[in-house]
Amino acid sequence: MFMKAALLCFCISGAALAATKGINPESVAVVYNSAVAESKKLAELYAAERGVPAGNLVGLELPVTSDISRADYIAKIQNPLRQEFDRHGWWSRAKDPVGVLLPTSNDIRVMVLMRGVPLRIQPAPLPENAKIPAGDPIAGRNEASVDSELAMFGVEGVPAEGVLKNVYFQSDKPFSEVRFPFLILTARIDAASVATCERMIKEPKEAEKTGLWGRAYVDIANKYPQGDQWLSAIVTANRNTGIPTVVDRFSDTLPMNYPMTDASLYYGWYDWNISGPFLNPSFHFRKGAVAMHLHSFSAEQLSNPAANWSAGLLEKGAAVTIGNVYEPYLGLTHFFDILHNRLLAGHSWVEACWMAIPVASWQGIVLGDPLYRPFLHLDGSGDIVPEDNDYRALRAAVEKWPTDAE
């Protein structure tokens with residue numbers, strides 16, 4: 001009786017989250033490797049699933065490899081994409097006052113890379129006379145994820161070394177409401193198997209019908225204060241939101257046989273390779289789950305789910321995750337607390353991820369459907385299914401009695 005009453009008052013009272021704008025599918029470009037048949041099929045499947053116009057699919061003939069040289073990235077990805085944007089009339093570019101050529105208008109706001117598109121740009125030798133400041137671990141480094149490099153690929157006249165500032169970092173506005181034509185939010189549908197990629201395409205839209213409900217698991221590793229603070233902030237946000245959260249404050253990750261049931265959210269750190277409950281053959285995330293593990297090389301590769309973290313979390317049923325392809329340094333990776341906060345506010349996956357990372361032209365990648373909005377129905381709307389009732393009731397109770405937990 002309580003559950004029905006609570007859900008009823010909840011549905012009547014809340015509609016704030018539903019007002020948050022999503023990404024217009026017409027502003028999405030889908031890039032695939034035309035040398036890989038499955039890459040094109042995945043691109044077509046994604047376009048059909050999300051209503052992306054067929055004319056927004058771009059096929060590039062690329063090497064069938066995860067790594068690509070800087071020279072090949074420029075010749076086979078960057079320059080052909082610039083030509084495609086010119087040909088379609090998607091953007092206009094002009095020089096700024098200091099002579100940098102950059103987009104001044106852009107119809108494409110999001111770019112999705114399909115499995116088959118190279119993942120990493122390998123480090124290239126620097127000129128012999130290059131001067132690198134002593135003690136600066138970033139200066140002189142030109143390796144990057146293809147995805148992060150493409151976020152500002154329309155800007156010419158900036159060096160490949162180091163990072164570029166992400167002007168969308170810490171924003172709380174939908175990307176459609178900010179004027180950053182030189183920035184494209186990138187995401188990738190990529191995993192250890194084609195079947196997992198297909199699930200990554202289909203499952204988010206299905207999960208949006210009900211919204212994402214279930215338990216959160218936060219594994220605080222006590223390694224570095226900044227990362228621990230991010231995770232602690234997520235715990236607090238969940239408590240205030242009504243998301244039941246299991247918190248592990250031991251330095252080791254959760255043990256393999258920990259009963260990690262109804263897992264819809266996972267935030268943790270700091271193992272090199274996937275470990276703990278995720279090695280249990282019986283473990284599987286809830287549909288639409290958001291999961292990530294903070295590690296410098298979490299997405300070093302995506303073909304082996306037993307190595308690193310991103311590939312393994314996806315194989316265990318996560319719908320979306322993030323990762324790093326080379327050493328990013330903690331302060332230049334995704335801030336987990338900002339990312340989680342923006343998801344709770346109703347923003348799309350790609351918006352939340354790019355709101356949470358301070359730089360582009362670096363090591364981060366976003367994996368999963370960029371248009372996915374997992375918390376679209378925190379206001380109590382959406383299709384109601386029995387397995388979500390307890391979680392909906394808890395959320396409704398927190399809304400009704402925010403200062404009276406008992």
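Entry one. I noted at the outset that this is a predicted model, and a search of the whole structure returned 16 salt bridges.

Entry two. I looked up Arg 120 and found that it forms a salt bridge with Asp 67, with 3.0 Å between the closest N and O atoms. Arg 120 belongs to strand 7 (residues 120–121) and Asp 67 to strand 3 (residues 67–68), so this pair ties together parts that are 53 residues apart in sequence. I then checked accessibility: Arg 120 counts as buried because its relative accessibility is 11%, under the 20% cut-off, whereas Asp 67, at 22%, counts as partly exposed.

I turned to Arg 188 and saw its side chain meet that of Asp 147 in a salt bridge, at 2.9 Å from N to O. Since Arg 188 lies in strand 10 (residues 185–189) and Asp 147 in helix 4 (residues 146–150), the pair ties together parts 41 residues apart in sequence. Here I found Arg 188 buried at 0% relative accessibility, and Asp 147 likewise counts as buried, at 1%.

Which residues are linked with Arg 50 in a network of salt bridges? I found that Glu 208 and Asp 369 are linked with Arg 50 in this network.

Notes
Residues are numbered from 1 along each chain as its sequence is written. This is a predicted model: local features need pLDDT of at least 70, side-chain atom pairs count only at pLDDT 80 or more; totals for chains, interfaces and linings use all residues. Side-chain values use heavy atoms; hydrogens and water are left out. A salt bridge is a side-chain nitrogen of Lys or Arg within 4 Å of a carboxyl oxygen of Asp or Glu. Helices (H or I, at least four residues) and strands (E, at least two) are DSSP runs, numbered from the N terminus. Buried means under 20% relative accessible area, exposed over 50%, partly exposed in between (1.4 Å probe, protein chains only).
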